[in-house]
Amino acid sequence: MRSFCRLFEELDRGEGNLARIQALASHLQRLDPADAAWTLHLLLGKQRRRLITARRLRLLAQEITGMPEWLIEACHAQVGDTAETIALLLVGQGRSAEGANAIDSPPTSAAALSPRPSPPAAANLDPAAADWPLQRWMEEELPRLAGLDGAEQAAALAAHWQALVGGEILVLNKLLTGAFRVGVGPGLVVKALALASGLEESLLQHRLMGEFRPSAAAWQALLAAPSADAVPASRPYPFQLACPLEPERLAGWTPSAWLAEWKWDGIRAQLIHRSGELFLWSRGEELINASFPDLLAPAAGLPEGTVLDGELLVWPAAEPRPSSFGELQRRLGQRRPSTRLLAQAPATYVVYDLLEAEGVDQRPQPLLERRRRLGLLLEALGQPQLRPSSPLPLADWDDLERWRARARDSGAEGVMLKDLAAPYGSGRQRGPWWKHKLDPLRLDAVLLYARNGRGRRANLYTDYTFALWTPEDQPIPPGSGGSSGDPPMAGAAEPWAEGSAAAAIGAEPEGARTGRRLVSFASAYSGLSDAELVEIDRWIRRHTTERFGPVRAVQPELVFELAFEGVQRSSRHRSGIAVRFPRISRWRRDKPATEADTLATALALIQP
Amino acid sequence: MSLPADGLLRLSPEGLHCPVADVWIDPWRPVPHALITHGHADHARPGSGEYWAIGSAEGILRRRLGASIDLHGLSYGQILRRNGVRISFHSAGHVLGSAQILLEAGGERWLVSGDFKRQADPSCTPFEAVRADLLISEATFGLPIYHWQPTATVVAELIAWWRSAPQRASVVFCYAFGKAQRLLAELHRAGVEEEVLLHGAIQALMDPYRAAAVPMPPTRPLSELDRSASLAGRLVLAPPAAQGSSWMARLRGAQCGLASGWMAVRGARRRRGSGRGFVLSDHADWPGLLQTVRQSQARRVVLTHGQGENLARYLREEEGIDCSVLSRDDGRSESRSEED
């Protein structure tokens, strides 16, 4: 555990990637197989199980530090992370070895002098707990902690907090809340693994797909010589990804050498049929069998040893185009969808590619051959829920733009272009696959509310809610939860309860044209540079009109151009509309708030 | 929230004003008579008629506000009388020549802390605890997550980081006035004797420190180093604004670090992008703020910039001290202290 914490600190310091790869590789080489497996598991972010809620952890910290709840909340708002907040507070109170040495002056706060919880557990605690191997912490100690009852759990955790030093408390807390993440991506971890083992990155990537149960055996299997590779039935292949099309390249290419098809707006997924079992993996490497029984049943007829790559969509049989992404979201959350939901939102799997046939890896084959075989396979299956993606004929490159112009009407988010001669690669390679997405929709909106971000954006106001103009006497569009005559700021008691700055009603700005008011319609936090974020943060602090917990209402002055993928009616939003994937495309410093767009403009963008 | 109406100080558009003595403390705009706690830009501004400050701050103030300003140098504890008000300056331990300013009249003692820290600092005089009836204090790091480690620990970490990269330069970003010289003095204390290279902005403020005989390793502006000279293994100090500037071209491939109290929080470190954070502040941490409030025995405490609202509530609810936050209507009270 101690050496794992040092690794965490080293990786977290943000030195160059090369240094981090080397540090990780040499660390992995020093570990015994079980600890190496657990280290890998944690660094890949595969430990998602929450053993203790962040809230419970904060309550325990409150008990132990004797600090008022509001003060811990204020600290949390500044830090943006429960695990770290508690670690900082405990170190500050000298409850860890490091903190005890760190105090220049005697503890001065009344809280610091409050009695520590009686330490019955501390007496039982192995003083060398910090030196236990990671495996022991992960397989024995943390599950034991999670299984204890209230008072016992508090005492046991207090004992650990007391025995560990600052950085170790942080790691322990993160492991307990299932929020363990370091600033290293999977690509970097695989590179380090390749460096440590001498194996090919692509091989390691493939072996790491799907389930990885950390154990000495799993580690040894991961690093086994290539020939000894026994593929578990469930293991998916790494997904091939596309790069945004650079249209100037088209002139050098022959249309007939390329496959064009819709870029559907669903969930990319791999369907595996091996050893008599079906596995449906999302691109996020989650097994989603349980959510899609209506696909698994027809897929059971696929031949043994088949792996498909395609897109999950909700697509009722009689409809010419798939339903919106929102309908698919209803399905994703349901591990046991009701018969009613299955009827309302039936799933379809549009298949792009054939990765394995008759147990043989098809990825080295050219796309043309894979698609030919895929067509035969799905025809033989004869199930409408599994349909091949239709090619979009290309006589010349102008056709590509013509198809793209029709994408929104077809329910797609753009067009894909794939090299018919290329094998199936792994990850995002430039060359064989290109995506040509629709231009996003854009609206100029007024910044109305802000709240602080999380993680590296904690203590900066970076999460914004934007508003559009609507006539004062205009009833809110049908389906809206809000009433039309709300006074400014009414309903403002909820904005933070929903975890976003949204949902409050707009305030009539002073000095604006009369007869209009602002109604909030979208929240966004991405798209601005760090420098802009800092500048806007300062502005927000100086132009706050009211505060609601962590949310600030600001003078409606700043205008931003928002980009988004679509607009739908929504009864859950006060504006009566919901936008898909909103992000900030630029700061309109040139526009006064009075010239921002209206809700009517947004309503006109709704798909028929 | 404002100050008691009939007290020694009130908040005017120019800043904290004592009408009886006709003086302002760290005024934001030009005034006839300015008392200056220290030379940081958010406390010392140009254009006032007469200035009073600690003598050792003179070099810095003349450099920043103009060589010809009408400046009266004072020593710590020296009494200045103006229209029945006794005014004295007391060490704040923040930077060279930094002071808390005490006003006394009619048996009332009002203390303006300016920026201060409680940790020892070999580049300036230590903080002096002063008793007061009303204390106006900074609260930059007014949350219990801010708790400074002993300086020697942080400096040892910095030296180990520097020594671990003998093949390239190590650049530490730190505020040009105060933090840089404190770091140099701490390096000297830790036994570093080799030359440290400086950005021009830091070099410009070295003379007053050398004049005050603060022991520091030899220094040289990077610009004076021969362009063909290797920077491998050299330590370079630069202000945070130099990061990403063209000045850094010569330091391509260097490892970078930032010395600041804000580095205590991981999110703030990560926001800075690549580079190591060293938690080193010239402001008081949470225990230091509480200790200072208690030692002042003030019946009433007014907090200025930083996390004032949280500290004020804590003092009110947990310690029963009458405490509020002094806010300027343009919200400036909330903006972060720039130098840390």
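1. Contact range in chain B. This is a predicted model. Among contacts in chain B between residues at least 6 apart in sequence, 59% join residues at least 24 apart. Buried residues account for 53% of the 340 residues in this chain.

2. Make-up and dimensions of chain B. Chain B holds 8 helices and 19 strands. Its radius of gyration is 20 Å. The globule rule gives 20 Å for 340 residues, so chain B is as compact as a globular protein of that length. The C-alpha trace of chain B spans about 65 × 45 × 35 Å along its principal axes.

3. Helix 3 and helix 10 of chain A. How do these two helices cross? Helix 3 covers residues 33-43 and helix 10 covers residues 134-147. Their axes come within 8 Å and cross at roughly 70°. Angles of 65 to 115 degrees count as roughly perpendicular, so helix 3 of chain A is roughly perpendicular to helix 10 of chain A.

4. Residues at that crossing. Helix 3 of chain A contributes Ala34(A), Asp35(A), Trp38(A) and Thr39(A). They meet Leu134(A), Gln135(A) and Met138(A) in helix 10 of chain A. By class, this contact has 4 nonpolar, 2 polar and 1 charged residues.

5. Helix 17 of chain A. This helix runs over residues 325-332, and Phe325(A), Leu328(A) and Arg331(A) in it are buried. Where do the buried residues sit around the helix axis? Seen down the axis of helix 17 of chain A, they fall within an arc of 105°, so they line one face of the helix.

6. Partners of that face. The buried residues of helix 17 of chain A pack against several elements of chain A. Among them are strand 4 (267-274), strand 6 and helix 18 (339-344). Strand 7 (347-357) and strand 20 (577-580) also take part.

7. Leu312(A), a residue of strand 6. Strand 6 of chain A covers residues 306-314 and includes Leu312(A). Is Leu312(A) buried or exposed? Leu312(A) has 25 C-beta neighbours inside 10 Å, so it counts as buried; the cut-off is 20 or more.

8. Contacts of Leu312(A). Leaving aside residues up to four places away in sequence, Leu312(A) touches Gly266(A), Ile267(A), Ala269(A), Leu328(A), Ala347(A) and Tyr349(A). One of these, Leu328(A), is a buried residue of helix 17. Pro226(A) is a separate case: Leu312(A) and Pro226(A) are 86 residues apart in sequence. In space they are 33 Å apart, C-alpha to C-alpha.

Terms used: Residues numbered from 1 in each chain as written. Chains lettered and ligands numbered in written order. Predicted model: local features only at pLDDT ≥ 70, side-chain atom pairs only at ≥ 80, totals over all residues. Helix = DSSP H or I, 4+ residues; strand = E, 2+ residues; numbered from the N terminus. Buried ≥ 20, exposed ≤ 12 C-beta atoms within 10 Å, placed from the backbone. Contact = placed C-beta atoms within 7 Å. Axes fitted to C-alpha atoms, helices over the stretch in contact; angles between N-to-C directions. Parallel < 35°, antiparallel > 145°, perpendicular 65-115°, else oblique. Nonpolar A, V, L, I, M, F, W, Y, C, P; charged D, E, K, R; others polar. Arc of directions from axis to C-beta. Rg over C-alpha atoms; globule rule 2.2 N^0.38 Å.
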